[in-house]
Amino acid sequence: MELVCPAGNLPALKRAVDEGADAVYFGFQNTTNARQFAGLNFTDKRAREGIDYAHARGKRVFCAINTYPQPDGWAMWTRAVDQAADLGVDALIMADMGLLDYAARRHPDLARHLSVQGSATSHEALRFYHDQFGIKRAVLPRVLSMTQVRDLAKQSPVELEVFAFGSLCIMAEGRCYLSSYLTGESPNTRGVCSPAAHVRWEETPRGLESRLNGVLIDRYGEGENAGYPTLCKGRFEVGGETYHAIEEPTSLNTLELLPELEELGIAAVKIEGRQRSPAYVSKVAGIWRQALDRLAQAPGRFHTEPAWMTGLGEVSEGTTTTLGAYERRWK
Amino acid sequence: MSAIPTLRLSLGPVLFYWTRERYADFYREAADWPVEIIHLGESVCSRRRDMKLDDWLGIGRELIQSGKQVVLSSLNLIESEADLRDLRKLCDNGEFLVEANDQSALQRLSAAGLTFVAGAALNLYNPATLAVLSRLGMQRWQAPVEMSRVDLVRLLDDCRQQGLDAPCEVFAYGHLPLAWSSRCFTARRYQKPKDRCQFVCQKHPEGLALRSQESQQVFTLNGIQTLSGACQDLRHEVSDMAEMGVNVARLSPRPTGMAEVVEAFDAARRGELPSPDPLSLVDAEVCDGYWHARPGMDHSRATPPE
């Protein structure tokens, strides 16, 4: 299984490669990718440097152009595709059907991966993207259980990449408009979710309050850990109860599922977190490299090391991890 | 100059889980409403099984008698082999056009050479995407719920220039469908696992309000689907919609007062809706922000905060 790691900037890319990533993925500095953060992502020059660094070490580089071209911006998205092709990336990660069609016609020999934002949750959906746009690989949404992944893997016409570790999207990715409902900006349109420009923190007599465009997302009492106000991870009131009505702040960690994923023929595991620090990337990549190497050596005797789990726990949201939808009872 | 095209009205599929009696009563009434298109079927959760495909086909046949165009809406989130089997049956129904709400449906319909309607969550943001679907047999398409008027004007202009003329539909009334998850949030509220949910969402024919700790209704929980907290209402935009080339305005069913909603939109498209009184109290639970290129929850006629 290929280990695919996030590169929010050049230092993160180098650290990922040094720590054992088989492939890294990056985006350009605009709304063409789903991690549009200030100070993050790559200029043409930096991308060239990063690609040279990875290629010199036998590693692959993917370019994420996985937002949806907006009515006034088609040229910006096609330019990103052409630019990535010129740079010599090994694959494009895309979601938009029109853009996939463009890339397939303009750069037929450049591998196309379906982004998780393309929301393919069945083998029929994968076949659609395969037949129409010749995708080589698809990243599966984090909504499927292990049984469902198994059914899908049996009949998939393309290689599959699954999320291994990182922030947990609770909604079917690419089809969540909650962020634009509150802020006007969404992953699809602007490559952001719960964007920082709309976040406000305030100490009040009732506690520390986090708001997103004025909407109270959470309120923290004395001694409680305050997390980033991602709108689906706040505490809300439903039917007289106040709780994490949608999801707790937690990260996905599928380390213990590795043998099963391997057996299903999953081609790659993906680490989330282009917005995280080079230190995060380095740590996570290193642990997953060790785990994958251990798996390759003795597939029948794989077990997770406590040190790996502790290490991953330390860099998790809310310092807790979950198997998410892979585990049926989570639903 | 060609005449301004008339805006058609459609009823979206019922997004909530109602009882068989409620569906039957609702569509018996809807047969007499001034809507041209009616979408039927369960598009949210495959566990909701009170209504079988045959039941929907039966309702559809009656609505055809009343002169309605009937469209069957497919499930938005396909997860299992059982979901795919149901989808196949829906697509192969042999009588009615299908609204494709994910790529599994697109695959099934295009492979069978069947024409289709393209749903809002297919993410149709640009002419290139619409061109792909037009080649595959798209008869009508719904704009993404988050698309603004300004963007839609541009998109429709570009489509016309490229000879893409499939009718466009806009979500004009109702709680906006904003997200789908494999987790059921209604079952979560009742602390039940999804596999043994006991169909608690049927107790909430208009969903379950999710409020901030300051009692602002932020979202509406509807099983695995999350809807907007406020109800989008674009009744005052329908003449503008018709002028810019929108062909269909979708009204999303609610359990009560739907006849009045349809009546208001029908009056609006005939230019007979009274203009909004700036002095009247604005219903706090109404929104139209997306249309005005603002956060979806905003309301254009609400008094700005101090």
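This is a predicted model: local features need pLDDT of at least 70, side-chain atom pairs count only at pLDDT 80 or more; totals for chains, interfaces and linings use all residues.
Residues are numbered from 1 along each chain as its sequence is written, while chains are lettered from A and ligands numbered from 1 in the order in which they are written.

Chain A has eleven helices and 15 strands. Helices (H or I, at least four residues) and strands (E, at least two) are DSSP runs, numbered from the N terminus. Taken along the principal axes, the C-alpha atoms of chain A fill a box of roughly 60 × 55 × 40 Å. The radius of gyration of chain A is 20 Å, which agrees with the value near 20 Å for a compact globule of 331 residues. This radius is taken over C-alpha atoms, and the globule rule is 2.2 Å times the number of residues to the power 0.38. Of the 331 residues of chain A, 56% count as buried. A residue is buried if 20 or more other C-beta atoms lie within 10 Å of its own, exposed if 12 or fewer, and partly exposed in between, with C-beta atoms placed from the backbone. Among contacts in chain A between residues at least 6 apart in sequence, 62% join residues at least 24 apart. Two residues are in contact if their C-beta atoms, placed from the backbone, lie within 7 Å.

Chain B has nine helices and twelve strands. Its C-alpha trace spans about 50 × 50 × 35 Å along the principal axes. For 306 residues a compact globule would have a radius of gyration near 19 Å, and the 19 Å of chain B agrees. Buried residues make up 52% of chain B.

A run of parallel strands can be followed through chain A. Strand β2 (residues 23-26) of chain A is joined to strand β3 (residues 60-65) of chain A by four bridges, and the two run parallel. Two strands count as paired if DSSP finds at least two bridges between them. A:Ala23 stands opposite A:Arg60 in β3(A). Together with helix α2 (residues 44-56) of chain A, β2(A) and β3(A) make a right-handed β-α-β unit. A crossover is right-handed if, with the strands pointing away from the viewer, the path from the first strand over the helix to the second runs clockwise. Strand β3(A) is mostly covered, with five of its six residues buried.

β3(A) also pairs in the parallel sense with β4(A), over four bridges. Here A:Phe62 stands opposite A:Ala91 in β4(A). The chain crosses from β3(A) to β4(A) through helix α3 (residues 74-87) of chain A, and this crossover is right-handed. Strand β4 (residues 91-94) of chain A in turn pairs with strand β5 (residues 111-114) of chain A, in the parallel sense and over four bridges. A:Ala91 stands opposite A:Ala111 in β5(A).

What lies at the centre of the nonpolar packing? The largest nonpolar core has 195 residues, of which A:Val24, A:Ile65 and A:Trp288 touch the most other members. Such a core is a set of buried Ala, Val, Leu, Ile, Met, Phe, Trp, Tyr and Cys residues joined through C-beta atoms within 7 Å. Strand β7 (residues 168-180) of chain B gives the most to this core, with nine residues. Domain 1 (2-168 + 250-330) and domain 2 (185-243) of chain A both give residues to the core, so it lies between them. The domain bounds come from an automatic or database domain assignment. The C-alpha centres of these two domains of chain A lie 27 Å apart, and eleven residues of domain 1 are in contact with eight residues of domain 2.

The contact between the chains takes 58 residues from chain A and 51 residues from chain B. On the side of chain A that touches chain B, the largest share, six residues, comes from α5(A).
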